[in-house]
Amino acid sequence: MTEPATPLWEVFIRSRSGLPHKHCGSVHASDATMALQAARDVYTRRGESVSLWIVPSSAIIASDPADRDALFEPTGTKIYRHPTFYEVPDEVGHM
Amino acid sequence: MYTQALNEKDAPFTTGRSDDPIKLERFQAIIDAEDKVEPNDWMPDAYRRTLQRQISQHAHSEVIGMQPEGNWLTRAPSLKRKATLLAKIQDEAGHGLYLYAAAETLGMSREEYYEQLLSGRAKYSSIFNYPSLTWADMGAIGWLVDGAAIMNQIPLCRCSYGPYARAMIRICKEESFHQRQGYEIMVTLSRGTPAQKAMAQDALNRFYWPVLMMFGPSDTESMHSADSTKWKIKRFSNDELRQKFIDATIPQGQHLGLTFPDPDLKFDAATGHWTHGEIDWSEFKRVLAGDGPCNRQRMKVRKAADAEGTWVREAAAAYANKRADRQRIAKIAAE
């Protein structure tokens with residue numbers, strides 16, 4: 001195979017105004033314009049989207065699954081961050 | 001059907017050699033807890049290879065599956081039928097793309113998977129090696145082939161591998177349109193002239209057995225699903241899925257006033273299931289091995305499409321390079 005690999009892009013869809021863009025998949029395309037057109041054809045054939053974001057896959061910075069415990073475990077012991085940790089006197093009512 | 005790859009045996013010299021037993025145990029615990037495995041998570045080599053083979057062959061099936069339907073696109077009987085058939089074929093291309101994307105997360109590029117298809121090293125579903133001879137075949141394919149696909153794919157929505165499961169959820173939503181589109185063609189033909197009804201019957205006669213074969217060999221013959229089951233890639237056996245499909249399909253065919261080409265087909269009131277006659281597995285093996293009615297034609301068309309598209313990909317890459325160069329030069333000039 002002499003052809004170079006076609007770059008990979010990640011596709012994010014906003015399904016309607018007011019909602020955030022959400023990752024829905026990826027496409028291959030030579031440039032950003034073609035990536036946007038391919039994403040429209042592949043992921044929005046049935047009114048799934050009002051807006052698209054396309055990001056080069058190589059630009060995504062991801063956490064390593066091996067670091068999951070180191071990164072996210074500490075929050076497990078910090079229950080005082082949750083509102084349910086605190087008691088509000090009954091007389092005060094809803095807060 | 002599209003899970004025929006799960007009936008293939010892994011290369012024996014590579015199975016379970018390099019896997020650390022502690023990691024393996026942790027991995028199985030994740031699976032048993034119905035948690036999902038994601039692309040960068042540790043996974044056994046055999047799990048990765050099984051999924052690479054399964055997902056890519058599923059993708060190849062979607063891509064090759066456009067051919068039997070494309071055959072009738074220019075001869076669809078009305079503009080409405082042409083538009084819906086075109087939409088369906090476009091969906092198949094989309095399904096192929098979702099699946100290649102899922103397969104790529106396992107560490108192999110789409111180009112490599114595609115090369116395996118073109119070189120004949122990778123297979124695709126046996127069903128697409130049968131010809132579509134009449135317009136009624138568009139009905140039979142949608143109703144039966146996509147119907148069988150749905151039976152097979154709904155459990156795959158709960159597959160332990162996250163990217164595959166997510167792709168399957170999208171695909172299943174769209175397959176339901178395909179099946180209804182096909183059944184509607186069958187309803188129209190069955191209520192039409194005697195010649196139209198005969199055409200529908202002929203399509204059913206030709207597709208019925210090959211569709212049953214899509215589910216793969218009988219459970220007594222297929223010994224390779226133990227790992228797939230343990231890893232929750234496959235959740236039902238070939239025979240279980242085939243039985244579900246038959247039970248759902250026979251009443252639909254009866255509603256059309258058509259008959260099934262199986263003299264041994266009968267309803268067992270005691271079990272509530274339909275029992276069927278013997279499947280001709282020699283035909284299945286022949287088609288899988290490359291000697292079906294259309295194997296050579298399907299590959300020839302696919303290779304030609306790839307070859308004829310080379311200049312488009314090259315031009316797109318050259319244009320992207322040119323633009324990138326110009327931007328770089330403009331940036332230097334501005335500084």
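I am working with a predicted model, where local features need pLDDT of at least 70, side-chain atom pairs count only at pLDDT 80 or more, and totals for chains, interfaces and linings use all residues. Residues are numbered from 1 along each chain as written, chains are lettered from A and ligands numbered from 1 in written order, and side-chain values use heavy atoms, without hydrogens or water.

**Interface.** I looked up the contact (heavy atoms within 4.5 Å) and found 21 residues from chain B and 17 residues from chain A. The buried area (accessible area, 1.4 Å probe, lost on putting the two parts together, summed over both) is about 1,800 Å². Carbon and sulfur atoms give 50% of that. B:Y98, B:E111 and B:R170 supply 27% of what chain B buries against chain A, more than any other three residues.

**Salt bridges.** I counted four across the interface (side-chain nitrogen of Lys or Arg within 4 Å of a carboxyl oxygen of Asp or Glu). A:R45 pairs with B:D91 in a salt bridge, closest N and O atoms 2.8 Å apart.

**Core.** The core has 92 residues, and B:Y47 and B:Y161 have the most contacts inside it. Leaving out residues up to four places away in sequence, B:Y47 touches B:F27, B:I31, B:V37, B:S160, B:Y161, B:W231 and B:I233.

Conventions: Core = buried A, V, L, I, M, F, W, Y, C linked by side-chain atoms within 4.5 Å. Buried < 20%, exposed > 50% of the residue type's maximum accessible area, 1.4 Å probe, protein only.
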